[in-house]
Amino acid sequence: TVNLLPGADLSMVTFLGDGATEEDLTGLQSGLRTLFTPLAAVAFAVFVLLYTPCMATLAAMRQEFGLRWTLGQIAYTLLVAWTAAVLVYQGGLLLGLGG
């Protein structure tokens, strides 16, 4: 985050548009770049931020509220996360942000 501060210039630390060539990338990085466009990556991040919480949280919810309410919460959060990710992706396509 130092490069985000005005006046701070660390040439070896880059966050956006790093200009890395294919030779500089690892196998995982190059594989992800072929599978995910930037818009798809943002939509995926939205989904991950909104979907079902961790197993410990689900276990506590089952203990407190019962299985029926826990399963309902899982279905609800997955539906909200999927809907938000689709809206982000389709909205980005409509705005011409690429696909």
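**Overall build**

The model is a predicted one. Its chain has four helices and zero strands, and from the N terminus on the elements run α-α-α-α. Of the 99 residues of the chain, 14% count as buried. The accessible surface comes to about 7,800 Å², and carbon and sulfur atoms own 69% of that area. As for how the fold is tied together, take the contacts between residues at least 6 apart in sequence: 52% of them join residues at least 24 apart.

**Aromatic side chains**

How many aromatic pairs does a search of the whole structure find? The search finds two aromatic pairs. In one of them, the ring centres of phenylalanine 36 and phenylalanine 44 lie 5.5 Å apart with the planes at 45 degrees, so this pair is tilted. The other brings together phenylalanine 47 and tyrosine 51, with centres 5.6 Å apart and planes at 35 degrees, so this pair is tilted. The reasoning rests on the angle: planes under 30 degrees apart would count as stacked and those over 60 as edge-to-face, which leaves the rest as tilted.

What about the exposure of these ring-bearing residues?

| Residue | Relative accessible area | Class |
|---|---|---|
| Phenylalanine 36 | 33% | partly exposed |
| Phenylalanine 44 | 47% | partly exposed |
| Phenylalanine 47 | 23% | partly exposed |
| Tyrosine 51 | 39% | partly exposed |
| Leucine 32 | 40% | partly exposed |
| Leucine 50 | 38% | partly exposed |

One more ring deserves a look. Arginine 68 lies over the face of tryptophan 69, at 5.8 Å from the ring centre.

**The nonpolar surface patch**

Which residues make the nonpolar surface patch of about 770 Å²? They are Leu28, Leu32, Leu35, Phe36, Phe44, Val48, Tyr51 and Leu78. Both partners of the tilted pair of phenylalanine 36 and phenylalanine 44 are thus found in the patch, as Phe36 and Phe44. Tyrosine 51, the ring partner of phenylalanine 47, is also a patch member.

Two helices, H1 (27–35) and H2 (38–50), each supply at least two residues of the patch. H1 gives the most, with three residues. Leucine 32 has its place in helix H1, and patch membership calls for over 30% relative accessible area; leucine 32 is partly exposed at 40%.

**Leucine 50 in helix H2**

Leucine 50 lies in helix H2. Which residues does leucine 50 touch, leaving aside its neighbours within four places in sequence? Thr77, Val80, Ala81 and Ala84 are in contact with leucine 50. There is also a C-alpha to C-alpha distance to note here: leucine 50 and leucine 79 are 9.5 Å apart in space, while 29 residues apart in sequence.

**Threonine 70 in helix H4**

Is threonine 70 buried or exposed? Threonine 70, found in helix H4 (residues 67–94), has a relative accessible area of 5%, so threonine 70 is buried; the cut-off for that class is under 20%. Apart from neighbours within four places in sequence, threonine 70 is in contact with Leu58, Met61 and Arg62.

Terms used. Residues are numbered from 1 along each chain as its sequence is written. This is a predicted model: local features need pLDDT of at least 70, side-chain atom pairs count only at pLDDT 80 or more; totals for chains, interfaces and linings use all residues. Side-chain values use heavy atoms; hydrogens and water are left out. Rings of Phe, Tyr and Trp (its six-membered ring) pair if their centres lie within 6.5 Å; planes under 30 degrees apart count as stacked, over 60 as edge-to-face and the rest as tilted. Buried means under 20% relative accessible area, exposed over 50%, partly exposed in between (1.4 Å probe, protein chains only). A charge sits over a ring if NZ of Lys or CZ of Arg is within 6 Å of the ring centre and within 35 degrees of the ring normal. Patches are made of residues with over 30% relative accessible area and no salt bridge: like charges are joined within 9 Å, nonpolar side chains (Val, Leu, Ile, Met, Phe, Trp, Tyr) within 5 Å. Accessible areas come from the Shrake-Rupley method with a 1.4 Å probe; for residues, only the protein chains shown count as cover. A salt bridge is a side-chain nitrogen of Lys or Arg within 4 Å of a carboxyl oxygen of Asp or Glu. Contact means heavy atoms within 4.5 Å.
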